[in-house]
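This briefing concerns the structure shown below. It is arranged by topic for reading alongside the coordinates.

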Amino acid sequence: MFIRMSFSQGNDVLDELFFEITAQPNHVEFQNIAISGLTAGYTYSFTITASNLEGQGEPVTQSDIALDLEPPLIIDELSNAVTLIDSTDTTFTITIRSNLFSDLNGVVVSFVIMVREYSEDEDLSEAAPAILPTYRGIQGNNFWGIYQSGPRRNWFTNAARRRRRQAESVETVTITVGDEDPCSSSTEPCNGPLKTATSWRYAIRGYNEEGQYSDTEWSSRIVTNRDPKIFGYIVAGTVGVFTILLIILLICVCCSCNDEDP
């Protein structure tokens, strides 16, 4: 007896399986079939059709089969999927590849970049809080702990919406941390400027549609540049000091000359 099994997501048939079993009349045989590549959070239908030498039987369909959602699956290391492009005195820019996270545990619907100031006694194994502080909440502190840089965003096309056998291309997105000055929204988290001449780390948090999340490891240190205006201030100050000293010297010379006159 030949068995044809197909499974679908919505109206799309995602895959079909064909296998043969030998069964005697009135004999029931069970066989386990493993189906991989399904995505949690979607509802699937399975249709089984049996056929033998006499012909094909009526199809049997089992609907509303779903896998439970789990926190997003991280499938690559941060250092492989994210590239540092540039840094300034108040920002750094990174390019992120879409294959950092997978949709197998459920579609990853949004992302956020977490930022923290480097310290010598930091514990990178400590989990970031579920509710992340915002830029407005930490910018007045001497030391900036973990916070989210900007609101959650969906950066990529959801791969789970494509046919399972369709080749998936890797997408990239370029994000600049610290480029919102001043903050443009009073309600959304702000992506405000970083402190100058300071070491930072970042990590990426991905969320599924139920709000479950997973965090990548923390990046290596990134150092923002010194404020370029400081050099101008130093030069202006130095010139000012020398000017004052020169004026004082000229006054002293003039006074000395007047004292020597008969």
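The model is predicted: local features require pLDDT of at least 70 and side-chain atom pairs pLDDT 80 or more, while totals for chains, interfaces and linings use all residues. Residues are numbered from 1 along each chain as its sequence is written, and side-chain values rest on heavy atoms, with hydrogens and water left out.

**Nonpolar cores**

- The largest nonpolar core comprises 27 residues, and Val82, Ile96, Ile113, Trp155 and Ile204 have the most contacts inside it. Such a core is a set of buried Ala, Val, Leu, Ile, Met, Phe, Trp, Tyr and Cys residues joined through side-chain atoms within 4.5 Å; buried means under 20% relative accessible area, exposed over 50%, and partly exposed in between, with a 1.4 Å probe and protein chains only.
- At least two residues of this core come from each of α1 (78–81), β8 (92–97), β10 (108–117), α2 (135–138), β12 (172–177) and β13 (199–208). Helices (H or I, at least four residues) and strands (E, at least two) are DSSP runs numbered from the N terminus.
- β10 provides the largest share of the core, 4 residues.

**Strand pairing**

- An open sheet of 3 strands has the order β7-β8-β12, with antiparallel pairing; two strands pair if DSSP finds at least two bridges between them.
- β7 (82–87) and β12 are the edge strands, each with a single partner, so one side of each has no neighbour in the sheet.
- From one strand to the next, the twist averages 20°; axes are lines fitted to C-alpha atoms, and angles run from 0 to 180 degrees between N-to-C directions.
- β7 and β8 run antiparallel and are joined by 5 bridges, and valine 82 has isoleucine 96 in β8 as its bridge partner.
- β3 (residues 43–52) pairs with β5 (residues 60–66) in the antiparallel sense over 5 bridges, where isoleucine 48 stands opposite valine 60.
- β3 also pairs with β4 (residues 55–56), antiparallel and over 2 bridges; these two strands form a hairpin with 2 residues between them, and asparagine 52 stands opposite glycine 55.

**Alanine 203**

- Alanine 203 lies in strand β13 and counts as buried at 0% relative accessibility.
- Apart from neighbours within four places in sequence, alanine 203 is in contact with Val112, Ile113, Met114, Thr216, Glu217 and Trp218.
- Alanine 203 and alanine 128 are 75 residues apart in sequence and 9.7 Å apart in space, C-alpha to C-alpha.

**Aromatic and charge–ring contacts**

- The whole structure contains 10 aromatic pairs; rings of Phe, Tyr and Trp (its six-membered ring) pair if their centres lie within 6.5 Å, with planes under 30 degrees apart counted as stacked, over 60 as edge-to-face and the rest as tilted.
- Tryptophan 144 and tyrosine 147 have ring centres 6.0 Å apart and planes at 85°, so this pair is edge-to-face; both residues are buried.
- Tryptophan 155 and phenylalanine 156 are also paired edge-to-face, at 6.2 Å centre to centre and 90° between the planes. Tryptophan 155 is buried at 17% relative accessibility, as is phenylalanine 156 at 10%.
- One aromatic cluster consists of Phe101, Phe111, Trp155 and Phe156.
- The charged end of arginine 205 sits over the ring of tyrosine 213, 3.8 Å from its centre; this requires NZ of Lys or CZ of Arg within 6 Å of the ring centre and within 35 degrees of the ring normal.
- Arginine 221 lies over the face of tyrosine 118, at 3.9 Å from the ring centre.

Key:
Contact = heavy atoms within 4.5 Å.
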